[in-house]
Amino acid sequence: MNNFNNQYLDILPEVKEALENNQPLVALESTIISHGMPYPRNVETAVEVERMVRENGAIPATIAILGGRLKVGLKPKEIDHLGKSGLAVTKASRRDIPFMVSRKADGATTVAATMIIAAMAGIKLFATGGIGGVHRGGEDSMDVSADLDELSRTNVAVVCAGIKSILDIGRTLEYLETVGVPVVSYQADEVPAFYARSSGFKSDYRIDTPIEAAKALHSKYALGIDGSILFTNPVPEEYALAPDDINKTISEAIEEMDKRGIKGKDTTPFLLARIAEQTGGESLDTNIKLVLNNAKLAAEIAAEYCKLG
Ligand code: PSU
Ligand code: MN
């Protein structure tokens, strides 16, 4: 349901026009800018990702909350502001949106919050790097990202590079099965593990073309089955990190996090920064490449989805 007259939304003219004309659009999140990467590479990446979406036939709409307005499509100045402000901007998930609005505050939107705002605008495809999930030790801490429930209820397909091994991949997949989110891998049989191309876990379905992805999504919504399809897209071979090496780095980062008593929403940003530091920036390079790769696939799926009417 398009709702681009929603009084809380500020939709860039180019995005509005694409919505009105059933042209392909790809939503992009902003937590990845403020909390996922260091400045200035975060801003450079956000700009590059938008370019990648365009080169592959879709209009990008980076989503954030600025001064309490739900922004669908950002101006370069606004992307720069989010990147420069970094951790000073609130990481905003589902629970935070009403407070950012009522306080006229800024929020960098997570996967969950970006999905909500994209759905309000009527955007069907969303590209990111990684989603949240069940954290390691989540069976005790109950640290389960709000992204997972959002995927079960909000009608926006998400293209990501799989489940990062800072998370408990097996439990994350079990949770997604319980809440009815199909996990699909692109040109692969296994769910990729973000930095690495394989996780050892088989996905629910394999697809090999964007048109197959678009058809599955179209069927889901034609049937009135709410929620997302999670398309997992392995990082290109040449940028992938060796699973054993990166898993060792991740385990050490988690140990350090526990020692410092870091919890809740601060865990993911801490781990990403720590891993980038420990790999001498290698993980950051991989992270950027995989996001670009996902932006391309999301644009291709969006283009096919529009053709289905
Ligand atoms: N994974 C990444 N980079 C990120 C995130 C996850 O590789 O920036 C962000 C996304 O915005 C995701 C959020 O929605 O972290 C999940 O945070 P939490 O686990 O606190 O729900
Ligand atoms: Mn959490």
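Q: How much of the protein counts as buried?
A: In this predicted model, 57% of the 309 residues of the protein count as buried.

Q: Which radius of gyration does the protein have, and what would a compact globule have?
A: The protein has a radius of gyration of 18 Å, which agrees with the value near 19 Å that a compact globule of 309 residues would have. Taken along the principal axes, the C-alpha atoms fill a box of roughly 50 × 40 × 35 Å.

Q: What is the chain built from, in helices and strands?
A: There are 13 helices and eleven strands in the protein. Among contacts with a separation of 6 or more, 74% are between residues 24 or more positions apart.

Q: Let's look at one helix, then: which residues of helix 4 are buried?
A: Helix 4 spans residues 76–85, and within this helix Glu78, Ile79, Leu82 and Gly83 are buried. These residues lie on the same side of helix 4, because they cover an arc of only 135° around the axis.

Q: What covers those buried residues?
A: The cover includes helix 2 (31–34) and helix 3 (41–55), together with strand 3 (59–66) and strand 4 (69–72).

Q: And which exposed residues does the face turned away carry?
A: The face of helix 4 turned away from its buried side carries Pro76, Lys77 and Lys84, which are exposed. Just after helix 4 comes Gly86, which takes a positive phi of about 50°.

Q: New topic, charges: how many positive and negative side chains are there?
A: The protein has 33 positive and 42 negative side chains, and the centres of these two sets lie 6 Å apart.

Q: Take Glu150, is that one buried or exposed?
A: Glu150, which lies in helix 8 (residues 146–153), has a relative accessible area of 1%, so this residue counts as buried.

Q: What is Glu150 in contact with?
A: Once its neighbours within four places in sequence are left aside, Glu150 is in contact with Arg94, Ala112, Met115 and Ile116.

Q: And Glu255, buried or exposed?
A: Glu255 has its place in helix 11 (residues 243–260), and its relative accessibility is 54%, so Glu255 counts as exposed, the cut-off for exposed being over 50%.

Q: How far is Glu255 from Glu14?
A: The C-alpha atoms of Glu255 and Glu14 are separated by 46 Å, and the two residues are 241 residues apart along the chain.

Methods
Residues numbered from 1 in each chain as written. Chains lettered and ligands numbered in written order. Predicted model: local features only at pLDDT ≥ 70, side-chain atom pairs only at ≥ 80, totals over all residues. Heavy atoms only, no water. Buried < 20%, exposed > 50% of the residue type's maximum accessible area, 1.4 Å probe, protein only. Helix = DSSP H or I, 4+ residues; strand = E, 2+ residues; numbered from the N terminus. Arc of directions from axis to C-beta. Contact = heavy atoms within 4.5 Å. Rg over C-alpha atoms; globule rule 2.2 N^0.38 Å. Lys, Arg positive; Asp, Glu negative; His and termini not counted. Charge placed at Lys NZ, Arg CZ, Asp CG, Glu CD.
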